[in-house]
Amino acid sequence: MNLSTITLSLGLIGLIVSIYGIFFPSKIYYFVEKFPRNILIGRILAAICCILAARESFIMNMAGLNAYKDLIYIIAPVIFVCSIIFLKELLASRALGGILCLISVPIVKTASLSGSPFFQIISLIGYVWVIYGITLLMAPWTFRKINFFLSRNKSFPKKLFFFKGIACIFLIYLALFIY
């Protein structure tokens, strides 16, 4: 995957969410409000997180532990089951944090090795994801606090989605004409 494809994907996904948010801000608010305690979404995101972690573990060089990489096939499902059993409180927020940390690795790597102008923008997005992901892993209740801060009157302001849409259009522009 190249930097242009990554940037275009980020821009399009963000733009779709922004357009939906402009027209239905209260629906997004209610989804975000219920998200941290949603058991099904938490389990799905935890499974994705374990799969991504296993993938990254296979890719990386573990020096003296390379001989034990086959154990990842056992360790990843065990971690998934343990996370469902022992981390069920706010599992969706924690798993989202893990996914943000794990998905930013290939994105930042692709951006930094691309040699494209303005690759730092995508690297910055990746690093922000890592910071927010670590925050959610360590303190999953901050998901609700941040969204409570951003939302007023049980709805997100339309200006928030408008400015996000502008940023996503800029990402789409970068993907199509710069990268």
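Predicted model: local features only at pLDDT ≥ 70, side-chain atom pairs only at ≥ 80, totals over all residues.
**Exercise 1. Describe the protein as a whole.**

Step 1: Count the elements. The protein has 8 helices and 0 strands; helices (H or I, at least four residues) and strands (E, at least two) are DSSP runs, numbered from the N terminus.

Step 2: Look at the extent. Along the principal axes, the C-alpha atoms fill a box of roughly 50 × 40 × 20 Å.

Step 3: Check burial. Of the 179 residues, 36% count as buried, where buried means under 20% relative accessible area, exposed over 50%, and partly exposed in between (1.4 Å probe, protein chains only).

**Exercise 2. Work out how α3 and α4 are arranged.**

Step 1: Find the angle. Helix α3 (residues 39–59) and helix α4 (residues 72–86) pack at about 155 degrees, with axes 10 Å apart. Axes are lines fitted to C-alpha atoms, for helices over the stretch in contact, and angles run from 0 to 180 degrees between N-to-C directions.

Step 2: Classify it. The helices α3 and α4 are therefore roughly antiparallel, since angles under 35 degrees count as roughly parallel, over 145 as roughly antiparallel, 65 to 115 as roughly perpendicular and the rest as oblique.

Step 3: List the partners. Residues of α3 including R43, A46 and F58 meet residues of α4 including I72, Y73 and I84; contact means heavy atoms within 4.5 Å.

Step 4: Sort by class. The contact of α3 with α4 has 11 nonpolar, 2 polar and 1 charged residues. Ala, Val, Leu, Ile, Met, Phe, Trp, Tyr, Cys and Pro count as nonpolar, Asp, Glu, Lys and Arg as charged, and the others, Gly among them, as polar.

**Exercise 3. Is each of E56, L52 and L90 buried or partly exposed?**

Step 1: Take E56, which lies in helix α3. E56 is buried, with a relative accessible area of 13%. Leaving out residues up to four places away in sequence, E56 touches L102, V105 and P106.

Step 2: Take L52, also found in helix α3. L52 is partly exposed, with a relative accessible area of 21%. Leaving out residues up to four places away in sequence, L52 touches I99 and L102.

Step 3: Take L90. L90 is buried, with a relative accessible area of 11%. With residues up to four places away in sequence left out, L90 touches P36, R37, P140 and W141. L90 and G42 are 48 residues apart in sequence, and their C-alpha atoms are 7.7 Å apart in space.

Methods:
Residues numbered from 1 in each chain as written. Heavy atoms only, no water.
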